[in-house]
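Trainee: Before we look at the model together, may I put some questions to you about what can be read from its atoms?

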Amino acid sequence: MTAHETDKYVYDFAEGNRDLKDLLGGKGANLAEMTNLGLPVPPGFTITTEACKAYLATGREPDGLAGQIEAHLEALEREMGRRLGDPDDPLLVSVRSGARFSMPGMMETVLNVGLNDHSVVGLARQASGSAGPAASGGSADPAASGGNDRFAWDSYRRLIQMFGKTVCEVPGEEFEHALDEAKRAKGSTDDLDLDADDLRGLVEAYKKIFAEHTGREFPQEPREQLDLAIRAVFESWNAERAILYRRQERIPADLGTAVNVVTMVFGNLGPDSGTGVAFTRDPGSGAQGIYGDYLANAQGEDVVAGIRNTVPLQELEQLDPKSYHQLLDIMARLEGHYQDLCDIEFTIERGKLWMLQTRVGKRTAAAAFVIAGQLVDEGLIDLDEALHRVNGAQLAQLMFPRFQLDHEIPPVARGIGASPGAASGTVVFTSARAVELAAEGRSVILVRRETNPDDLNGMIAAQGILTSRGGKTSHAAVVARGMGKTCVSGADEIEVNVPAKRFTVGGHTVGEGDVISIDGTTGKVYLGEVPVMPSEVVQYFEGSLDPAHIDNALVRAVHRIMTHADDRRRLAVRTNADTGADAARARRFGAEGIGLCRTEHMFLGDRRELVERLILAATDADRTDALAALLPLQRQDFVEIFREMDGLPVTVRLIDPPLHEFLPPLEQLAVNVAVAQERGEDVAKEEALLAAVRRMHEENPMLGLRGVRLGLVIPGLFAMQVRAITEAAVAVTRDGGAARPEIMVPLVGAVQELETVRTEAEKIIAEVVGDSGVEVLIGTMIEVPRAALTAGQIAEAAQFFSFGTNDLTQMGWGFSRDDVEGAFFWRYLELGIFGISPFESIDRDGVGRLIRIAAEEGRAARPGLKLGVCGEHGGDPDSVHFFHEVGLDYVSCSPFRVPVARLEAGRAAIETTGSDSR
Ligand code: PEP
Ligand code: MG
């Protein structure tokens, strides 16, 4: 037996289950799960992601696939008692993509496969059923022929349109123009007004468009349609918009998509048919209840595309009570089964309910917390699972500010709050313009009638999205929620005119370049810029909202889950803070110390003059004077910080950047001197400065005289700082407070550098500390690759390490941290060299390896060596998991990210211990 004969590429729905998402994709696995639960799923089969991967790797279907499809199709035909495309009584199928991770609207779907010039007649006859005689083939009154002739031709034109566009790349507008033309000829704007004759004419027009663009007739052979549609779905994995979406959502590029071949059921058979989407809880707020949209007499893509406005699902109770109650039962069952919010797609074909899809539903950040809390209350999950189901990115979103509406500003329009947040920005009407203005650093609101997958670039660039059509489940809503972007959809008072670049609403005209504000929670749209206020979650962290006494489901859920994260986490969380005010805020956010106090910020502002004096000092005495003047100022800074932190550890880093950063730029200085000389002014001081700047100029300052090198070259500089830190600690302690200073030396690459600084520092510390009982630790940053690789030696001289992952990334990759992200990272991302900037999320394989080595070798040399991280990565959710894994003691990040780091540290702890600890 050869290898390919053993590969199984096709699974009947009855053969799969929800755990097979890698192989069958999310949609296929869940269709299988629902089939096995005995729910009404139209029969079908799934072609695996393995088949897709093999196709994409070789450009052809893998051996054995065609035969397996044939066998499953035959079984399906037997089960349904119909043959694909049979002229008398055709079986029709949909061909749907479905990857491991949901990528809404990013890949292809073809409906009604199996229709051709002959089977369209059979379909009309079959669909007429008991409703009346076989289609007469031309009644001008759709009702007179039971609507079925019309239905069959409508289905056929949809097939040609979708097949043409997705399988053969015929421009979609061509079909849309022909449809508009047919409606115009009929004097209507609604496609439901087109009768069977009109649609038959439209099919002819579509076939002509198809032939003109492809050089061939529309394929009449049903199996050929099926094979080409399957191939198109495989290929859509690599469509530009799918690639972009994956990058944005960090979905791996090599997963491939499965293909689901599903018996067609029809929501467009008349008023007793329809299609809809529903959620088992509100995906916006998490509130319990029934949420969804329903569209009578329509096929699935009409709902998501927002072509016609939907009605709330509750109205189905009036339209079709039996299906409505059956749907509610199924929803309750699915929620119990998946123990989570589910979203579903369904179709009603002449009063019979069919389930077309379910999955654990996407939700807003607020809903994620609220639902996790509810499910714990309902006894469906435990707190570990609740913690697992939320994440730091969601928490960060909840910390975004909201509009400050002290007095009620009247909105100009109100749509659906599709994705929360508050956004103000310049109005743009096209994706391209959104990208352009965003590149200039402007905040933009993308305004469209409805969005489609081609708008993805613009949606990424925009601060917010506003559409005039479509519900909570429209493309704009789903994609914006996934991205955590503010979105208001279906604001139908707004008339959007994209070609004229303006929209009108209530007598106002808003053009490109005007500013509006949108509230993705309330759905309100305001003219002009509305000021913003902090979120409730931030108010809770700030201590001004007490979760025990407020009636706010979100704050209570956040409190409960954060408390559990704190119980579970092993990593401590500190903050990067340089002032007493920052330190105080970070403490309120839960910081357990300062992991990085950058002292260079204390050399700016009105102290610049002293620093200039230090740099220009011509003699030892001048320099000593300048340092002596700086000492009390520095000491006071540290006193404030130690007081705020009140006994928590405070890591103070000695000055790091090249000194010329404290002087005016060379060009500016040169011009000033020249102008002043011209005017005959006294320029002695400026000239001295200019000379110093010239002297200190470096081609690569980030690799030059900075960090520990400054301490070794400029006598007394580090000594002054060590003295200020220690004196401050002693002063706070003598005042009855507590101070735990940790002095950190930057940019060390060799143990000798550290030893030199340490010897000098220890002398000063011993002298200042006296009998105060203050203990001062001396440690180093690990931010130069050589330090990581010689960590065993460096640990001999260091009481702690703190990884400076910004510089370690810069020097590990050889990427200038100030330049490259804007300059060329787009190309690296495009090529997949990395999926996210290594400055944002730790590069586990390279920079991460340096950290691992340093941690292991450092601890081998000095057991119990304290390890932390203070680069930007300390607050990045993914990186926090890595730091947990490599055994650091703490992460340190900006105050605002402290809660995110606490949450992720808790999640990292439960993920490593696994489910058996629950
Ligand atoms: C680092 O390099 O990661 C670091 C924390 O130091 P800085 O960003 O100040 O260079
Ligand atoms: Mg650094």
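Predicted model: local features only at pLDDT ≥ 70, side-chain atom pairs only at ≥ 80, totals over all residues.

Trainee: Which side chain has an N or O atom 2.8 Å from an oxygen atom of ligand 1?

Mentor: There are 14 residues around ligand 1, and those that come nearest are R598, R653, G804, N806 and R817. For R653, a polar side-chain atom is found 2.9 Å from an oxygen atom of the ligand. The side chain with an N or O atom at 2.8 Å from a ligand oxygen is that of R598.

Trainee: Which element gives the most to the shell around ligand 1?

Mentor: Two elements, β27 (594-598) and α32, each supply at least two residues of that shell. The one that gives the most, with three residues, is α32.

Trainee: Turning to the metal, which residues are the protein donors of the magnesium ion, ligand 2?

Mentor: The donor atoms, an OE and an OD, lie 2.0 to 2.1 Å from the magnesium ion. They belong to E783 and D807.

Trainee: How many residues apart are E783 and D807, and where does each one sit?

Mentor: E783 belongs to the loop between β30 (777-782) and α30 (785-789), whereas D807 is part of helix α32 (residues 805-813). The pair therefore links distant parts of the chain, with a separation of 24 residues.

Trainee: Why can the buried residues of helix α17 be said to line one face of the helix?

Mentor: Helix α17 (residues 431-439) has S431, A434 and L437 as its buried residues. Seen down the helix axis, these buried residues fall within a limited arc, so they line one face of α17. The face turned away from this buried side carries the exposed residues A432 and A439.

Trainee: Against which elements do the buried residues of α17 pack, and which residue just after the helix takes a positive phi?

Mentor: The packing partners of the buried residues of α17 are β16 (422-428), β17 (444-448) and α18 (456-461). Just after α17, a positive phi of about 85 degrees is taken by G441.

Trainee: Why is helix α5 described as largely enclosed by the rest of the structure?

Mentor: The buried residues of α5 (residues 119-128) are S119, V120, G122, L123, A124, A127 and S128. These residues pack against β4 (90-91) and α6 (148-168).

Trainee: With which side chain does the side chain of T280 make a polar contact?

Mentor: T280 is found in strand β8 (residues 274-281), and T280 is buried, with a relative accessible area of 11%. A polar atom of the T280 side chain lies 2.9 Å from the backbone nitrogen of C342. The side-chain partner in the polar contact, at 2.7 Å, is E335.

Trainee: Is Q339 buried, partly exposed or exposed?

Mentor: Q339 lies in the loop between α13 (321-338) and β11 (342-349), and its phi is near 50 degrees, a positive value in a residue other than glycine. Its relative accessible area is 32%. Since buried requires under 20% and exposed requires over 50%, Q339 is partly exposed.

Trainee: Finally, what share of the residues of the chain count as buried?

Mentor: The chain contains 37 helices and 33 strands, and its C-alpha atoms fill a box of roughly 110 × 70 × 60 Å along the principal axes. Among contacts with a separation of 6 or more, 69% come from residues 24 or more positions apart. Of the 918 residues, the share that count as buried is 55%.

Terms used
Residues numbered from 1 in each chain as written. Chains lettered and ligands numbered in written order. Heavy atoms only, no water. Buried < 20%, exposed > 50% of the residue type's maximum accessible area, 1.4 Å probe, protein only. Helix = DSSP H or I, 4+ residues; strand = E, 2+ residues; numbered from the N terminus. Arc of directions from axis to C-beta. Contact = heavy atoms within 4.5 Å. Donors = N, O, S within 2.8 Å, 3.2 Å for Na, K, Ca; no water. Near = heavy atom within 4 Å. Polar contact = N/O pair within 3.5 Å; in protein donor to acceptor, adjacent residues only side chain to side chain.
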